[in-house]
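I opened this notebook to keep a record of what I looked up, going from the overall layout down to a single residue. The entries follow the order in which I worked.

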Amino acid sequence: MRRSEPETSGISPDSGGFAVRFSGLRLSYGKTLALNGISLDIPAGRLVGLIGPDGVGKSSLLSLVTGVHAMQEGSLTVLGGDMRSAAHRAALCPRIAYMPQGLGKNLYFTLTVEENLQFFGRLFGHGPAERRRRIDHLTKSTGLYPFLDRPAGKLSGGMKQKLGLCCSLIHDPDLLVLDEPTTGVDPLARRQFWDLIDSIRKDQPTLSVMVATAYMDEAQRFDWLIAMDEGKILDTGSPKELLDKTGSDNLDSAFIRLLPESKRAHHRELTVPPLPPEADNDISIEAEGLTRKFGSFTAVDHVSFRIRRGEIFGFLGSNGCGKTTTMRMLTGLLPATEGTASLFGVPIDGNSMEVRKKLGYMTQLFSLYNELTVRQNLELYAKLYGIPEHEVHDHVEEMLTRFDLRSSEKTVPADLPLGIKQRLSLAAAVIHHPQILILDEPTSGVDPVARDGFWELIIELSRRDKVTIFITTHFMNEAERCDRISLMHAGRSLACDTPAGLVESRKAATLEEAFIGCLEDAAAASSAAAQKKGENESPETAAEEVKPETKPHSSFHMPAWFRENCDFGRWYTCFWREMLELKRDGVRGTLALFGALILMVVMGYGITMDVENLPMAILDEDQSETSLDYSWNFAASRYFDERKPVRQYDELDQRMVNGELSLVVQIPPKFGRDIQQNNVPELAIWIDGAMPSRASTINGYIQAVHAQWVSEYLKKQPDLPSYEIPDLETRYRYNPDVLSLPAMVPAVIPILLMMIPAILAALSVVREKELGSIINLYATPLSRLEFLLGKQTPYIILAFFSSILLILMAVFLFDVPVKGSLPLLLLSLALYCVLSTGFGMIASSVTKSQIAVIFLTMVATILPATQLCGLINPVSSQGGAARVIGMFYPTTYMLLISRGVFNKALGFSDLMKPLLFMAAEIPVTVAIGILLQKKQEQ
Amino acid sequence: MKGADMIQKLRNIYELGVKELIGLFRDPLMLALIVYSFTFAIYVGAVSSSDSVTNAAVAVVDQDRSSISQRIMESFLPPQFRLPVQIEQYQIDGCMDRGEYTFILVIPPDFQRDLLAGKGPSIQLNVDATRMSQAFVGAGYVQQIVLKECNTFFAAGSSAGEGISPANIVIRNRFNPNLESSWFGGINELINNITMLAIILTGASLIRERERGTLEHLMVMPVTSFETMVSKIWSMSLAVLIASAFALLVIIKWYLGIPVTGSFWLFMLGVTLYLFAVTSLGIFIACFAGNMPQFGILMILILIPMQMLSGGSTPQESMPVPVQRIMQLSPTTHFVTFSQAILFRGAGMHVVWVPFLKLFVIGAVLFIISLKRFRKTAAS
């Protein structure tokens, strides 16, 4: 390819005729080498395919080219610029479109199809009319148009894939990078998809496209192919050249022949022995009128089939036609709305362990444990299926060999490419030699050699071990190996016959033709109905007349770095999207708003600073008149609640140990007599010191009660000089009646507004990391500032709204008036909400999992906010690290302002210092959040 | 056959639990956070002395300028008080507003004369009530100090000599003679962290399994919801149990030097029961939360009142009766009860069997409700 012919049409001048050039490119993940020093120049304006087995570095190469992954060694020039330069990457983002591997990884599942597309359209700065035109055009060409209102999460796997494509095509990129774009997409939609790409290329001849694919029939139509293996490039050339070189008639076999000898040694052409006829009456799976409705939508509509023991039954159909739903009903995961299904003649019951043991199931989305290695996963599944301990090892070894997983047995699935993950899932599904295998697109994204290896196993299981196999696939050569196929569309079974029978009945040449014909007929019927409904809508042609606008740019001139990092439109897009998501998840918003109110009620009423009703008992060893008088003083106090008297010391000990008594007054023998003789007897008072604050309070009460008694006693003594105890007037300022509510309420507001907003904001980012859509930060022109602020703003608004509710509740429910300046309170709360959500953003930047971020945020907010910021004790009373944290933590200052305004009637002039301090912390917090967040995968 | 089933059940529970532990060990940040919450956090909780009065700022407006006023001032001593500052009458409001002092004592003119004349003069104490417990507890201290000084002063100045008081009281604080707040603060922080960790580890890992589809996969395998739940409970409880044993023995006993009176093993038994209750609570919350953010908020909504009203921060008997009743349903209340009893009062099984039993019942009820809901929410 380096010496490719100079004829390259319409190359942009800056690229020097090449879209992508790299040399000595190396990339490794830990010890695993993904790219082993490869060099190549890829001319612009071509449709270039990457082919090769799973895990040879195709995706790694693509993620480097798009700038999603950080570079390690070698040089890489994309569209004329060095990918090591952050400035070039930033400038490049709008010119590249990237669709990552995996089902809908770049999508937001709670948002509808329309909203997802709108999001990407807005990110690239298209105006509303332009977005409408593009969205309609793309969805109509991919068949998603009728589903614009459906949440992306409710789409079938293949439809998610289509939506992912549309999202990456929404702007006009110069380089389109697609990583296995048609995995799990049905043949009809695949055909439509490639037609769409062709038409885009016709309109824009400079467009370069790089595609990794596992479908060799697709590779056939590419301009150039790059065959890769083990991080190296095996060969390059047009499909024809490759065919000639290898002397094969199709790319599938050409691909296999290109592989090194060792890899294709086990490969041989597959033949399916016929199913023995005696199986005819031995039914394994039976479904009768199986129906499933979700609300008004019928996903599966009266589907019936009988599958014989040992039969390979293929389920084919367009994306979203109800294949997965049917499988979920068969496994008992989903109850059927109507109809019955049985396995081995036993009606399906989700709880039957016997049936579950005989069942192997592979889900469409990877559903093994990412925290375990490949081997650990297999061992776990073997054991859970009840394989005896001494056989586990053999089973695992068998699977590692059979699915060629040995090289990655110590890797965790998260670090594996899609194809190898699929193989692992398959291995886990068959490890216990089940009698029924339900496989939901098991070979999607798997390379041809591995696919054949897998089918070899399927055939062996079916024919030798009489395992019944229920399988869905989009590969026609696989469908041909099935004993019977059921063709599905829109929840109904269109036809059910042997592959040959289907081809014959439709008078088609190949199964694919028969299948597409069937689908087109059915789609035509339903779209005719849809057309009737939608006639009032503006027809496509009208929409196309809207002139494509040039991307809007702010009219005033900002420095370049500023324009690149602070685009209002992109910030707004992020904000708008996050708001939508909050709106969709009503429970979250409601809990966030009203949760704070509930907590305030609980804390306001539940926590009292007063200590009352303390269980107290008297141990009176004197029993004189004086001692009775003395004990009466205690019993009468409102602080104490007198319990049964204690009789002796042992009892005192025991009753205090079991926590029954907080306080015991021990009056010694001869107490009365000693007083009369001026012997000054000593009373022992025992306090439960387990809770020091309570003990200190009790201590104070005792002193007061005792002093009271002394003063009373002295008054009664005529021979002493008259003495009146000084009267200590205690004035509790700001809360004269020592009510708990006026003390608690202003203090609780800052604490609640720290924890909840921080956790919500933190989760909103880490969620994207865990679910995959963080890739949009890596692969689109979004800057970290826009992304973080866009996500933070909805939570600031939510938190601020919640703080207004808290103030209203304080004033109207708790009767705690705002005595000072309300504008000051509101302003400071607004600043505070920015800070607390900003803390969440910082927490999110250093964590990858949602669990960790919840934990981190809790740890980083609860302890400081409740203990170190002056809620109970002033910061100045603390020592060491606690004091330093307290001095910088914003809750300290918010508490000062909140108490100042609520209790002390203060205004701006008094509280300027804390206000300014909080304001100064905002840029610092935001800056830390941005610096810690990564713009590329590392 | 029955026996074989049973063994397979136990094996599933064991294997799934081991899987949880491996997952935990693969997450360095989680491990770091666990280590933090059972070491440094407990240390901070202990030394931040949230309960008793320390370093309280006092000012005195001395209008008497007598020897008694001098004596009163000199009797405010660290560590409970900072050395008092003398200010003028007109400064009181400003100082209070700015929160410079928690206490301002105003000694009126002719105080000493009136005191010695036995007239019982009044003395004014201004307390910044927004300072919460420092204000309320500290006011008691100030009162004590002032009265004691006055009494002694009067006794010395009058003919009565020492015998002004007919009887003295000797206060003995049991279980924590010097009322060191670090004892309580450390244990309280340990309790809080055990609770938080147990809920997060089980609940959030359940939600994660649901969001990643692994739970659904388990539902088609010969593994029951019961086994899945028990595996999470035992594995996460074990992790927290080990961490808390470490915190108790190494941080609290050895590093902070807090004397722990009661039986370590009895306390660990209690922690185990408590962990059963709170891990079940974690699963319970996860069964009602649709996604991780919902779980996060629900957890806060449950965790905070549980901690604040457990009797660990403020005594239960001072709360309104309905609150006390409701808090009987919270496992933390019983945990606080028995841990204070065992660790400080050295109580034995005959004392703590009641909270133990209550914990078990609470755990069992939460477990059973979660089990009923588990399947319904797993496959969504």
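**Entry 1: domains of chain A.** I note at the outset that this is a predicted model. I looked up the domain assignment of chain A, which gives domain 1 (13-260), domain 2 (279-524), domain 3 (565-603 + 738-932) and domain 4 (614-715). I then took the centres of domain 1 of chain A and domain 4 of chain A over C-alpha atoms and found them separated by 84 Å.

**Entry 2: an open sheet in chain A.** I turned to a sheet of 4 strands in chain A, which is open, is ordered 2-1-4-5 and has antiparallel pairing. Its edge strands are strand 2 (32-43) and strand 5 (81-82) of chain A, each of which pairs on one side only.

What phi does A:Leu79 take in the hairpin of strand 4 and strand 5 of chain A? I read a positive phi near 50° for A:Leu79, in a hairpin that has 2 residues between the strands.

**Entry 3: chain B by itself.** The secondary structure of chain B comes to 15 helices and 5 strands. I compared its radius of gyration, 28 Å, with the 21 Å that the globule rule gives for 380 residues; the value for chain B is well over the rule, so chain B is more spread out than a compact globule. The C-alpha trace of chain B spans about 95 × 45 × 40 Å along its principal axes.

I also checked burial, and buried residues make up 56% of the 380 residues in chain B. Of the contacts in chain B between residues at least 6 apart in sequence, 81% join residues at least 24 apart.

**Entry 4: the contact between chain A and chain B.** How many residues does the contact take from chain A and from chain B? I recorded 130 residues from chain A and 127 residues from chain B. On the side of chain A that touches chain B, the largest share comes from helix 27 (residues 692-715) of chain A, with 15 residues, and the residues of that side divide into 75 nonpolar, 35 polar and 20 charged.

Strands also pair across the two chains: strand 25 (residues 727-733) of chain A runs parallel to strand 4 (residues 122-128) of chain B, and 7 bridges join them. In this pair I picked out A:Glu729, whose bridge partner in strand 4 of chain B is B:Gln124.

Entry 5: I next followed an open sheet of 5 strands with mixed pairing, in the order 22(A)-21(A)-23(A)-24(A)-5(B). Strand 22 (640-642) of chain A and strand 5 (168-174) of chain B stand at the edges, each with a single partner strand, so one side of each is left without a neighbour in the sheet. From one strand to the next the twist averages 25°.

At the strand 22 end, strand 21 (residues 614-620) of chain A runs parallel to strand 22 of chain A and is joined to it by 3 bridges; here A:Pro615 has A:Asp641 as its bridge partner. Helix 25 (residues 649-657) of chain A lies across strand 21, strand 23 (663-667) and strand 24 (682-688) of chain A together with strand 5 of chain B, and runs at about 25° to strand 24 of chain A.

**Entry 6: A:Gly289.** Is A:Gly289 buried, exposed or partly exposed? A:Gly289, which I placed in strand 11 (residues 283-294) of chain A, has 13 C-beta neighbours inside 10 Å and therefore counts as partly exposed. Not counting residues up to four places away in sequence, A:Gly289 touches A:His302, A:Ser304, A:Glu338 and A:Gly339. Last, I took the separation of the C-alpha atoms of A:Gly289 and A:Ala523, which are 234 residues apart along the chain, and found 22 Å.

Notes
Residues are numbered from 1 along each chain as its sequence is written. Chains are lettered from A and ligands numbered from 1 in the order in which they are written. This is a predicted model: local features need pLDDT of at least 70, side-chain atom pairs count only at pLDDT 80 or more; totals for chains, interfaces and linings use all residues. Domain bounds come from an automatic or database domain assignment. Two strands pair if DSSP finds at least two bridges between them. Two residues are in contact if their C-beta atoms, placed from the backbone, lie within 7 Å. Ala, Val, Leu, Ile, Met, Phe, Trp, Tyr, Cys and Pro count as nonpolar, Asp, Glu, Lys and Arg as charged, and the others, Gly among them, as polar. The radius of gyration is taken over C-alpha atoms; the globule rule is 2.2 Å times the number of residues to the power 0.38. A residue is buried if 20 or more other C-beta atoms lie within 10 Å of its own, exposed if 12 or fewer, and partly exposed in between; C-beta atoms are placed from the backbone. Axes are lines fitted to C-alpha atoms, for helices over the stretch in contact, and angles run from 0 to 180 degrees between N-to-C directions.
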